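I opened my notebook to look up a few things in one structure. Here is what I wrote down, entry by entry.

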Amino acid sequence: VLNDSRIIKRFKTSRLLSNGIYCTIDSLKIVNDTTMQITLTIQNQNDFNQYVPDPDKMGISIFNAFGTVILYDIETNEHNSTKTDFWVTSEWNFSMSDLSLVKKMDKITYKYVSPVYKPIKKGLYNCGFMIDNNRHFLPFPIPINREDGKVWVGYHYTPFKRMMVE
């Protein structure tokens, strides 16, 4: 049903279809066994501007609660991820100052260094990036419709290529 062309066409003609955002991990480097350097691009696939979480504005620890890089060890099936010392709850004072505007059909790239929960061991990993801007808040704490765009509220997971850590 989600990919039914009739439904998609009706949403498009009613201007109710939102293509959301698309994320890519441009590069992922192991700095040491407890730190990764991440270059991430978020692309707005809509014909309207969207506000997205910004690691520079909200800080890496808080951003990692919204956008998480996950490493899956292929041999052991263990996983590791970027670390947050902050658990986002509905009481958190989420505001527009935590977000950046991505203009329609444009993209924004972030490069940041993040700690991980446990030491990264040698091995082969499947990697991915998950971003979720709404699971912490019910109801969402700020107005979604803004004068110059909308606050992105959604979930996106993007896989990254396998990575060998030596």
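**Entry: the core.** First, a term. A nonpolar core is a set of buried Ala, Val, Leu, Ile, Met, Phe, Trp, Tyr and Cys residues joined through side-chain atoms within 4.5 Å. I kept in mind that this is a predicted model. Which residues touch the most other members of the largest nonpolar core? I found Leu28, Ile42 and Phe129, out of 38 residues in that core. A general note goes beside this: in soluble globular proteins, nonpolar side chains tend to be buried together.

**Entry: Ile42.** I then listed what Ile42 contacts, skipping its neighbours within four places in sequence. The list includes Ile21, Tyr22 and Cys23. It also includes Val52, Val102, Ile108, Tyr110 and Ile131. Asp106 and Lys107 are on the list too.

**Entry: the sheet.** What is the order of the strands in the open sheet of three? I read β1-β2-β7, with antiparallel pairing. Why is one side of β1 and of β7 left without a neighbour in the sheet? Both strands, β1 (21-32) and β7 (107-115), stand at the edges, so each has a single partner strand. Neighbouring strands here are turned by 15° against each other on average, direction ignored. I noted a general rule as well: strands of a sheet pair through backbone hydrogen bonds, either parallel or antiparallel.

Next I checked one pair. Strand β2 covers residues 35-44 and pairs with β7 over nine bridges, in the antiparallel sense. I picked out one partner: Ile38 bridges to Tyr112 in β7.

**Entry: Thr39.** Thr39 sits in strand β2. Is Thr39 buried or exposed? Its relative accessibility is 13%, so Thr39 counts as buried; the cut-off for buried is under 20%. Leaving out neighbours within four places in sequence, I found Thr39 in contact with Thr24, Ile25, Asp26 and Ser27, among others. Thr109, Tyr110 and Lys111 are also among its contacts.

**Entry: cysteines.** How many disulfides does a search of the whole structure find? The count is zero. Cys23 is in no disulfide, and the nearest cysteine sulfur, that of Cys127, is 15 Å away. A disulfide needs the two sulfur atoms within 2.5 Å. Cys23 has 0% relative accessibility, so I marked Cys23 as buried. Cys127, at 2%, counts as buried as well.

Notes:
Residues are numbered from 1 along each chain as its sequence is written. This is a predicted model: local features need pLDDT of at least 70, side-chain atom pairs count only at pLDDT 80 or more; totals for chains, interfaces and linings use all residues. Side-chain values use heavy atoms; hydrogens and water are left out. Two strands pair if DSSP finds at least two bridges between them. Helices (H or I, at least four residues) and strands (E, at least two) are DSSP runs, numbered from the N terminus. Axes are lines fitted to C-alpha atoms, for helices over the stretch in contact, and angles run from 0 to 180 degrees between N-to-C directions. Buried means under 20% relative accessible area, exposed over 50%, partly exposed in between (1.4 Å probe, protein chains only). Contact means heavy atoms within 4.5 Å.
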